[in-house]
Amino acid sequence: MTSSKRVRPTEEVVEELRAALAGVGVLLPSLRVDPVTGASDEPFALVALGRCNVGTAQRLTAVLRGLAGGGAS
């Protein structure tokens, strides 16, 4: 199976995710490329979303619910 989409480097994807989250007011301070899989020969490294405080978890939940429900609470 071939894909017309180019596979971007994991670091680029992480930075895009960081920017998208910041755009909706969510900061995940531990967001990064997983160092073990990033240094391995695996074709796709894992993205470590990391830890966050309760306020950030609530904000992320609200954003996701808004997307899933069209903004309804």
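Trainee: Let's start with E12: how exposed is that residue?
Mentor: E12 comes out at 30% relative accessibility, so E12 is classed as partly exposed. The cut-offs are under 20% relative accessible area for buried, over 50% for exposed, and partly exposed in between, using a 1.4 Å probe and protein chains only.

Trainee: Which element is E12 in?
Mentor: Helix α1. Helices here are DSSP runs of H or I with at least four residues, strands are E runs of at least two, and both are numbered from the N terminus.

Trainee: Before I go on, what should I know about the model itself?
Mentor: This is a predicted model, where local features need pLDDT of at least 70 and side-chain atom pairs count only at pLDDT 80 or more, while totals for chains, interfaces and linings use all residues. Numbering starts from 1 along each chain as its sequence is written, and side-chain values use heavy atoms, with hydrogens and water left out.

Trainee: Okay, zooming out. What's the order of elements?
Mentor: From the N terminus it goes α-β-α-β-α, which gives 3 helices and 2 strands.

Trainee: How much of the protein is buried?
Mentor: 16% of its 73 residues count as buried. T10, in helix α1, is buried because its relative accessibility is 17%.

Trainee: What does T10 touch, apart from its close sequence neighbours?
Mentor: Leaving out anything within four places in sequence, T10 is in contact with V33, A45, L46 and V47. Contact means heavy atoms within 4.5 Å.

Trainee: Switching to charges. How many salt bridges are there?
Mentor: There's 1, between R18 and E15, whose closest N and O atoms are 3.3 Å apart. The criterion is a side-chain nitrogen of Lys or Arg within 4 Å of a carboxyl oxygen of Asp or Glu.

Trainee: How do R18 and E15 sit relative to each other in the helix?
Mentor: They are 3 residues apart in α1, so about one helical turn separates them. In general, an α-helix has 3.6 residues a turn, so residues three or four places apart point the same way.

Trainee: Where's R8, and what does R8 contact?
Mentor: R8 sits in the segment before α1. Beyond neighbours within four places in sequence, R8 is in contact with V13 and E16. Its C-alpha is also 9.8 Å from that of F44, 36 residues away in sequence.

Trainee: Last topic: helix α3. How long is that helix?
Mentor: Helix α3 covers residues 54–68, which is 15 residues, and spans 21 Å from first C-alpha to last, close to the 21 Å expected at 1.5 Å a residue. The expected span is 1.5 Å times one less than the number of residues.

Trainee: What caps the N-terminal end of α3?
Mentor: N53 does, with a side-chain oxygen 3.1 Å from the backbone nitrogen of G55.

How values were computed
Polar contact = N/O pair within 3.5 Å; in protein donor to acceptor, adjacent residues only side chain to side chain.
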